[in-house]
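Let's work through some exercises together, pencil in hand. Each one sets a task and then walks through a solution.

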Amino acid sequence: MPKYYEDKEDDGRACAGLREDFKACLLQHDCVAKDGKKPSECLKEGHCKGLHVAFFECKRSMVSTSAV
């Protein structure tokens, strides 16, 4: 579930709430914060997988299937 913050600027991009939560999850995860690894490395290790999938599905839902 996306977190909503007061006094936050509306970024206007698709799936902005999930994007922010996904980014925060990766940057605050011990893999990045304590181990000093890159977020992309931690993603490959499977960290924040639920938010990664949810963000992907949200972005995918924005693509129109009628354009294919």
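**Exercise 1.** Decide whether A16 is buried or exposed.

*Solution.* Start with the cut-offs: buried means under 20% relative accessible area, exposed means over 50%, and partly exposed lies in between, using a 1.4 Å probe and protein chains only. A16 has 16% relative accessibility and therefore counts as buried. Next, place A16 in the chain: it sits in helix α1. Helices here are DSSP runs of H or I with at least four residues, strands are E runs of at least two, and both are numbered from the N terminus.

A word on the ground rules. This is a predicted model, in which local features need pLDDT of at least 70 and side-chain atom pairs count only at pLDDT 80 or more, while totals for chains, interfaces and linings use all residues. Residues are numbered from 1 along each chain as its sequence is written, and side-chain values use heavy atoms, with hydrogens and water left out.

**Exercise 2.** How many helices and strands does the chain have?

*Solution.* The count is four helices and zero strands. Reading along the sequence gives the pattern α-α-α-α. Of the 68 residues in the chain, 19% are buried.

**Exercise 3.** Describe how α1 and α4 pack.

*Solution.* Two packed helices are described by the angle between their axes and the distance between the axes.

1. The axes of α1 (residues 16-28) and α4 (residues 49-61) come within 9 Å and cross at roughly 155°. Axes are lines fitted to C-alpha atoms, for helices over the stretch in contact, with angles from 0 to 180 degrees between N-to-C directions.
2. The two helices are therefore roughly antiparallel.
3. The contact (heavy atoms within 4.5 Å) involves L18, R19, D21, F22 and C25 of α1, together with L51, H52, A54, F55, C58 and K59 of α4.

**Exercise 4.** Where is F22, and which residues does F22 touch?

*Solution.* F22 is in helix α1, and its relative accessibility of 11% makes it buried. Leaving out residues up to four places away in sequence, F22 touches L43, C48, L51, H52 and F55. V53 is 31 residues from F22 in sequence, with 9.7 Å between their C-alpha atoms.

**Exercise 5.** Which residues make up the largest nonpolar core?

*Solution.* A nonpolar core is a set of buried Ala, Val, Leu, Ile, Met, Phe, Trp, Tyr and Cys residues joined through side-chain atoms within 4.5 Å. The largest has ten residues: C15, L18, F22, L26, C31, V32, C42, C48, F55 and C58. Two or more residues each come from α1, α2 (30-33) and α4, and α1 gives the most, with three. One core member, C42, touches L26, C31, V32, K37 and H47, not counting residues up to four places away in sequence.

Terms used: Angles under 35 degrees count as roughly parallel, over 145 as roughly antiparallel, 65 to 115 as roughly perpendicular and the rest as oblique.
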